[in-house]
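Visitor: I have a structure to look at and some questions to ask. Can we go through them one by one?

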Amino acid sequence: MMVLVHGLRLPLGAVPEEALAQAVHKAGFAPADIEDARLHKVSVDARRSPPQLVYSVALFPAEDVRLPRQVGAGPDVQVAAPQPFEMSCGTKLLPGPVVVCGLGPAGLFAALQLAAAGYAPTVLERGPDIDTRRAAVAAFEAGGALCENANIQFGEGGAGTFSDGKLATRIKDARCARVTQWLLKAGAPPDIAWQARPHIGTDLLRDVFVNLRRQLQALGGQVLFGTQLQGLCLQNGAVHAVDTTAGRLACGALVLASGHSARDTFAMLHTAGVAMQPKAFAVGVRIEHLQREIDRGLYHEAAGHAALPPGEYRLATRAAGRGVYTFCMCPGGSVVAAASEEGGVVTNGMSPHARSGENANAALVAAVDEKDYGPGLFDGMHFQRALEVAAYKAGGGAYTAPAQTVAGFLQGQATLAGAAVQPSYPRGVRAAALNALFPAGIATALQGGLAALGKKLPGFAAPGAVLTGVESRTSSPVRVLRGDGLESMSTPGLWPCGEGAGYAGGIMSAAVDGLRVAQAIAGRYAPSVACE
């Protein structure tokens with residue numbers, strides 16, 4: 001039995017043992033009653049001055065101990081019954097092997113779970129393994145040519161490989177615990193099990209993804225790097241094989257986890273008659289501050305205290321009739337060159353586990369929909385591409401990014417004069433009017449949103465902060481439609497999954513969606529054919 005005790009507030013100088021002792025007392029136990037006590041969640045409440053650490057603790061009383069009256073009397077002390085992850089296999093015969101398209105979080109975790117249940121999936125990954133991918137990204141950052149299948153969008157681990165490795169999610173799904181178990185087994189930092197805002201960091205995440213892939217292979221799964229899905233072979237409207245750059249493969253269940261930037265894959269699916277619809281997303285810029293200024297804005301006089309993590313934020317407002325918000329905040333990180341097509345500039349952010357860099361960055365984006373780009377299935381995708389091409393031109397070519405101070409952006413001046421931050425985008429930046437890249441309504445919303453968010457977080461709208469453009473790949477511009485059973489609504493045998501299919505946003509939610517699809521496939525089919 002586990003008893004969860006929440007809302008334990010301690011000063012910054014406290015040690016975890018104090019929280020454990022307080023939890024035992026708050027729940028009404030005697031110390032001898034408890035066989036084990038563990039941190040369950042730790043967060044920082046910076047709304048108070050000085051900030052406080054807020055703990056949740058899991059207590060495991062001895063079997064013969066009677067529960068005190070405090071347990072269950074209020075929301076802060078409750079018996080918890082963890083939900084086990086279940087994978088039941090159906091009896092229907094699989095019409096062919098399981099193939100997974102994409103080795104990002106959604107595809108990887110779907111494949112892992114299917115392999116563990118005996119389905120021996122084959123994973124197609126258009127990009128290379130981590131080591132080859134890292135070399136290609138490093139060469140591009142140093143001024144080399146862009147490789148369209150080995151970059152920050154494509155390759156082992158997906159786009160999340162070059163990120164903060166953030167695991168925080170708004171979804172409430174018991175499968176999150178299963179994802180965490182897989183990650184810990186693969187060498188992720190132990191604190192992801194109890195941090196309120198867990199993250200792995202891009203430096204550690206790369207090794208974690210390699211270890212997960214090796215686990216997949218040890219369980220009977222196969223990974224084909226440099227192999228792109230090129231077509232669906234249908235029989236009576238259902239998938240029975242797939243065409244790839246390595247040839248045709250028999251397929252009875254295709255897990256489609258291609259990521260939000262696989263534009264050629266979207267076009268192929270449309271040609272094959274797969275049901276899809278346009279999906280709203282967001283576009284904007286990367287905003288970059290000195291990390292110490294963010295810490296000061298969040299923690300005030302306590303900034304720099306050893307117990308406080310590098311400050312991170314998530315802000316939202318409305319301006320000019322649009323939602324404007326920050327996304328993918330990277331404390332102590334850098335802005336990265338995330339292009340995956342020739343002649344376009346795309347920005348994103350990443351940070352190492354220690355988050356020890358001088359700068360902080362985040363996407364500052366405004367919501368867009370068909371009123372901005374049209375009702376066509378791929379109008380949103382074309383809108384993204386047009387912004388990326390415009391950014392490439394504004395930067396002067398060679399993947400230099402256009403950039404501007406916050407003061408310049410608010411005043412409509414193409415300047416970097418007065419910048420308090422050394423821009424970290426690796427291909428270099430050039431002063432440009434970012435306002436001019438966006439349609440007027442979006443630029444106005446970003447300007448108004450920036451000013452409003454500056455009132456929520458001191459220093460956010462500092463004149464010397466730097467904006468770098470463009471942030472265009474916040475989420476997929478299309479959704480591949482699936483029914484209640486998670487199978488494609490138009491094409492039996494196709495199982496859309498993850499961010500690219502329009503059903504997730506971030507590492508954890510994509511991985512959870514992969515597990516959900518794996519359970520759906522297993523719940524219908526027995527693994528016998530795939531294991532032959």
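**A guided look at the model**

Guide: Met 1 sits in the segment before strand S1 (2–10). Keep in mind that this is a predicted model.

Visitor: Is Met 1 buried or exposed?

Guide: Exposed means over 50% relative accessible area. Met 1 has 59% relative accessibility, so Met 1 counts as exposed.

Visitor: Which residues make a nonpolar surface patch of about 270 Å²?

Guide: Met 1 is one of them. The patch of about 270 Å² is made by Met 1, Leu 67 and Val 79.

Visitor: Which residues are buried in helix H6 (residues 263–271)?

Guide: Look at what covers them: the cover includes strand S9 (229–235), strand S12 (253–256) and helix H9 (379–394). The buried residues of H6 are Arg 263, Thr 265, Phe 266, Met 268 and Leu 269.

Visitor: Is Thr 491 buried or exposed?

Guide: Thr 491 is in the loop between S23 and strand S24 (494–496). Its contacts include Leu 234, Val 239 and Gly 273. Buried means under 20% relative accessible area. Thr 491 has 2%, so Thr 491 is buried.

Visitor: Now the rings. How many aromatic pairs does the structure hold?

Guide: A pair of aromatic rings is described by the distance of the centres and the angle of the planes. The number of aromatic pairs in the structure is five.

Visitor: How many residues apart in sequence are the parts tied together by Phe 140 and Tyr 399?

Guide: The rings of Phe 140 and Tyr 399 are 5.1 Å centre to centre, with 75° between the planes, and the pair is edge-to-face. Phe 140 lies in helix H3 (residues 130–141) and Tyr 399 in the loop between H9 and strand S20 (401–405), so the parts tied together are 259 residues apart in sequence.

Visitor: What is the angle between the planes of Tyr 313 and Phe 460?

Guide: Tyr 313 is buried, at a relative accessible area of 5%. Phe 460 counts as buried too, at 0%. Their pair is edge-to-face, and an edge-to-face pair needs planes over 60 degrees apart. The centres are 5.5 Å apart, and the angle between the planes is 85°.

Visitor: What is omega for the peptide bond from Gly 469 to Val 470?

Guide: Val 470 lies in strand S22. The bond from Gly 469 to Val 470 is cis, and its omega is near -5°.

Visitor: What is the phi of His 300?

Guide: His 300 is in the loop between H7 and S15. At 39% relative accessibility, His 300 counts as partly exposed. His 300 is not a glycine, yet its phi is positive, about 60°.

Definitions and conventions: Residues numbered from 1 in each chain as written. Predicted model: local features only at pLDDT ≥ 70, side-chain atom pairs only at ≥ 80, totals over all residues. Heavy atoms only, no water. Buried < 20%, exposed > 50% of the residue type's maximum accessible area, 1.4 Å probe, protein only. Helix = DSSP H or I, 4+ residues; strand = E, 2+ residues; numbered from the N terminus. Contact = heavy atoms within 4.5 Å. Patch = residues over 30% accessible without salt bridge, like charges linked within 9 Å, V, L, I, M, F, W, Y side chains within 5 Å. Areas by Shrake-Rupley, 256 points an atom, 1.4 Å probe, with all protein chains shown as cover. Salt bridge = Lys/Arg side-chain N within 4 Å of Asp/Glu carboxyl O. Phe/Tyr/Trp six-rings, centres within 6.5 Å; stacked < 30°, edge-to-face > 60°. Lists of a residue's contacts leave out its neighbours within four places in sequence.
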